[in-house]
Amino acid sequence: MAQLSDDCFAFGGPLMTLDEARGLLAERLVAVTGSERVALGEALDRVLAEDVVAGVNVPPHDNSAVDGYAVRHEDLAGGADSVLPIVARVAAGDRPVSRDPAGTAVRIFTGAPMPEGYDTVMMQEDCVERDGPGGTRSVLIRPGIKRGANRRSAGEDVREGSVILSAGRRLRPQDIGLMAAVGLTDALVRAPLRVAILSTGNELMEPGQPLAPGGIYDANRFTLSALVRRMGGRVTDFGILRDNPAELRAVLARAAEGHDLIVTTGGVSTGEEDHVKGAVEALGGLHFWRLAIKPGRPVALGQVAGKPFIGLPGNPVAAMITFFCLARPLIQHLAGETVTEPVLFRVRADFDYKKKEGRREFVRVRLARDGDGGLVATKFARDGAGVLSSMVESDGLVILPEDVTRLERGATVSYMPFTEVR
């Protein structure tokens with residue numbers, strides 16, 4: 001496993017754009033996970049640790065794309081019907097037919113290997129099979145078919161020796177199917193990133209407990225754990241830590257022992273009761289990245305006993321959006337996954353909006369269809385960074401770039417559905 005340099009998160013500049021922040025991650029982070037070989041049936045959503053090279057052609061031999069009749073194109077009359085004797089029959093799984101193809105046809109079925117010397121397949125719907133003398137059969141083939149029609153060539157799908165999947169890819173069902181198609185039974189994948197998650201704050205309480213005066217239930221820990229698990233991480237829940245410097249140092253040190261990343265929410269600003277900053281600095285180092293985004297605020301990045309640490313804001317909407325913007329690519333880098341940008345869609349805004357120049361803003365929206373069937377984004381009524389219900393009742397985020405200061409109703413905007421940030 002690779003190790004990160006002690007100053008990999010060092011940055012002392014002013015407000016950073018998201019593009020600058022992501023560029024720094026790409027420059028300074030490496031995969032910290034090992035690899036293991038797993039059966040294909042267990043490889044879904046795992047990250048490939050090596051390129052996958054095809055050891056065979058797919059298909060392995062020329063074959064028919066339809067049920068019909070294999071012929072030599074040169075035996076067909078140019079502009080008239082052709083009648084050819086049927087000399088063999090071949091179905092999928094049969095051995096290829098080997099015989100003199102001149103002036104003959106072979107009854108063939110979808111997926112069957114093409115008989116040697118035959119180059120074209122006529123669909124059975126366009127043919128008429130007839131009885132011949134002595135129990136023989138012939139087929140009438142109408143004119144107009146092109147040479148090579150309905151014939152699939154060996155290697156048409158996959159060529160032997162080609163890279164079919166690249167290292168860093170998170171495996172989808174179709175990827176696993178392609179590996180099976182070239183005869184593989186297992187895959188070398190990255191070990192899951194081990195992530196320690198904890199919340200801090202005297203006001204936080206576990207769901208299910210009676211709510212004390214001044215207390216709130218901890219939602220961030222559950223939200224972030226679910227986001228990390230959806231990215232393939234293996235989460236250890238360290239619960240809620242009180243604002244006690246000694247306890248924070250002890251738990252953070254324990255979390256660093258068996259994990260690849262530590263994630264916290266809250267307690268990383270400079271207030272008198274924000275003790276995470278001092279605890280992290282005592283065990284390693286801490287840097288604040290002031291991201292030019294809204295919702296959001298400074299994100300703490302550092303190391304605890306050599307293990308990467310990220311401290312996200314305590315407000316739940318800000319925590320989720322900073323996770324999407326920064327923690328997500330950070331986790332992809334550490335897990336050995338190729339960093340991917342969410343796919344954005346163009347929709348029409350059904351609201352006016354003002355914002356500051358130089359800051360990227362994420363507006364919670366719902367989608368609806370207009371009278372012409374186009375997609376229209378309606379802004380959620382409340383903007384607060386603590387309104388977690390807005391992330392539930394919205395479909396996604398409209399992203400307004402740094403150079404935009406005013407949005408007028410009817411303008412086309414970039415929209416990111418929540419389904420794109422898994």
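My entries on domains, one interface and the cysteines follow.

Entry one, domains. I'm working from a predicted model. I looked up the domain assignment for the protein chain, and it gives domain 1 as 18-34 + 191-335 and domain 2 as 36-59 + 168-190. Domain 3 covers 63-152, and domain 4 covers 345-417.

Entry two, the pair I picked. I took the C-alpha centres of domain 1 and domain 2, and they lie 32 Å apart. For the contact, I get eight residues from domain 1 and six residues from domain 2.

Domain 1 and domain 2 bury about 500 Å² between them, with 45% of it on carbon and sulfur atoms. On the domain 1 side, Ala191, Met231 and Ala335 lose the most area to domain 2, together 53% of what that side buries.

Which kinds of residue does domain 1 put against domain 2? I find five nonpolar, three polar and no charged. Across this interface I get zero salt bridges, but two residue pairs turn up in polar contact, both at pLDDT 80 or more.

I searched the whole structure for disulfides and got zero. Are Cys127 and Cys325 buried or exposed? Cys127 counts as buried because its relative accessibility is 11%, under the 20% cut-off. Cys325 is at 2%, so I log Cys325 as buried too.

Notes
Residues are numbered from 1 along each chain as its sequence is written. This is a predicted model: local features need pLDDT of at least 70, side-chain atom pairs count only at pLDDT 80 or more; totals for chains, interfaces and linings use all residues. Side-chain values use heavy atoms; hydrogens and water are left out. Domain bounds come from an automatic or database domain assignment. Contact means heavy atoms within 4.5 Å. Buried area is the accessible area (1.4 Å probe) that two parts lose on being put together, summed over both. A salt bridge is a side-chain nitrogen of Lys or Arg within 4 Å of a carboxyl oxygen of Asp or Glu. A polar contact is a pair of N or O atoms within 3.5 Å; within protein, one must be able to donate a hydrogen and the other to accept it, and residues adjacent in sequence count only if both atoms are side-chain atoms. Ala, Val, Leu, Ile, Met, Phe, Trp, Tyr, Cys and Pro count as nonpolar, Asp, Glu, Lys and Arg as charged, and the others, Gly among them, as polar. A disulfide is a pair of cysteine sulfur atoms within 2.5 Å. Buried means under 20% relative accessible area, exposed over 50%, partly exposed in between (1.4 Å probe, protein chains only).
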